[in-house]
Amino acid sequence: MENQSNIKKRKRTCSLAVSKRKRKLLAYNPTEDPQRRLEQMASLATALKASGTEYSDGLTYRPGMALRSANCAALENGGMQILPKEDIETLNLCKKMMEKGECPPLMVVFDPVEGFTVQADRYIKDLTIITEYVGDVDYLKNRENDDGDSMMTLLHASNPSKSLVICPDKRSNIARFVNGINNFSPDGRKKQNVKCVRYDVNGECRVLLIANRDIRKGERLYYDYNGYEHEYPTEHFV
């Protein structure tokens with residue numbers, strides 16, 4: 001139990017619901033200038049290299065970790081919201097744009113205080129899919145001695161032995177560098193412009209980062225690392 005408590009304090013969680021769901025999710029709008037898109041991708045490549053991480057835009061299932069068959073949304077304690085068909089099509093469109101090199105309009109910028117941060121490189125509308133939180137999928141129980149601070153809950157199963165986490169320390173994308181708000185600061189909530197939500201997508205759990213309001217060009221992205229467990233220590237966040 002003590003080990004599980006320590007894991008919780010290093011693990012990010014996200015919401016099981018998103019407000020305004022009467023409206024459809026939107027695909028991100030990539031920057032038209034191909035040279036600027038190259039600069040955006042180069043900023044991500046620099047951050048990934050500095051952190052010793054390979055680029056990946058999907059969940060990965062590695063030998064010795066959880067099998068893909070273990071990612072079953074039906075096992076979620078209390079149930080998980082199903083992503084509607086039209087929103088699945090929007091998510092797939094985002095994935096296809098990434099395959100063509102049409103990345104989200106985001107820049108990874110290093111800050112001497114906050115470290116790597118992500119900022120909007122153009123105006124982003126409310127309810128836009130920013131990116132998917134990806135990495136290696138593993139059982140939570142296998143990460144008792146993991147000192148990483150970027151693990152994300154993927155499946156919170158009724159049976160704790162079946163709970164899964166996303167581990168972006170070896171393979172990841174830009175989601176890893178989106179910062180969290182300070183839950184102990186009165187201004188922390190005001191900075192939040194992204195919502196992290198878990199969805200049942202064709203029977204599998206997926207984690208999406210979605211704009212929860214209009215985001216101006218140049219604005220840094222922030223979401224709440226404590227979606228529902230409130231265990232991640234954020235009192236030191238700027």
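Is Met 97 buried or exposed in this predicted model? Met 97 is buried, its relative accessible area being 8% (buried denotes under 20% relative accessible area, exposed over 50% and partly exposed the range in between, with a 1.4 Å probe and protein chains only). The model is predicted, so that local features need pLDDT of at least 70 and side-chain atom pairs count only at pLDDT 80 or more, whereas totals for chains, interfaces and linings use all residues. Residues are numbered from 1 along each chain as its sequence is written, and side-chain values use heavy atoms, with hydrogens and water left out.

Met 97 belongs to helix H3 (residues 85-99); helices (H or I, at least four residues) and strands (E, at least two) are DSSP runs numbered from the N terminus. When residues up to four places away in sequence are not counted, Met 97 touches Ala 27, Tyr 28, Pro 30 and Glu 102, contact being defined as heavy atoms within 4.5 Å. Met 97 and Tyr 28 are separated by 69 residues in sequence, and their C-alpha atoms by 9.3 Å in space.

The space in the largest cavity amounts to about 80 Å³, and the structure holds two cavities of 30 Å³ or more. On a 1 Å grid over the protein atoms alone, a cavity is a set of points where a 1.4 Å probe fits but cannot get out; a pocket is an open set with protein on both sides within 12 Å along at least five of seven lines; and lining residues have an atom within 4 Å of a point. Grid points are joined across faces, edges and corners, and a volume is the space filled by probe spheres set on the points. The lining of the largest cavity comprises six nonpolar, one polar and three charged residues (nonpolar: Ala, Val, Leu, Ile, Met, Phe, Trp, Tyr, Cys and Pro; charged: Asp, Glu, Lys and Arg; polar: the others, Gly among them).

The second largest pocket holds about 280 Å³ of space. It is lined by 17 residues, of which Met 41, Leu 44, Tyr 55, Met 98 and Cys 103 are the closest to its centre. Helix H2 (34-50) and H3 each supply at least two residues of this lining, and H2 gives the most, with five. By class, 10 lining residues of the second largest pocket are nonpolar, four polar and three charged.

Three aromatic pairs were found in a search of the whole structure. Phe 110 and Phe 116 form an edge-to-face pair, because their ring centres are 5.2 Å apart and their planes lie at 70° (rings of Phe, Tyr and Trp, the last by its six-membered ring, pair if their centres lie within 6.5 Å; planes under 30 degrees apart are stacked, over 60 edge-to-face and the rest tilted). Phe 116 and Phe 177 are likewise edge-to-face, at 5.7 Å centre to centre and 70° between the planes. This pair links distant parts of the chain, 61 residues apart: Phe 116 lies in strand S4 (residues 115-120), and Phe 177 in the loop between strand S9 (171-172) and strand S10 (179-180). Within it, Phe 110 is exposed at 53% relative accessibility, Phe 116 is partly exposed at 23%, and Phe 177 is buried at 7%.
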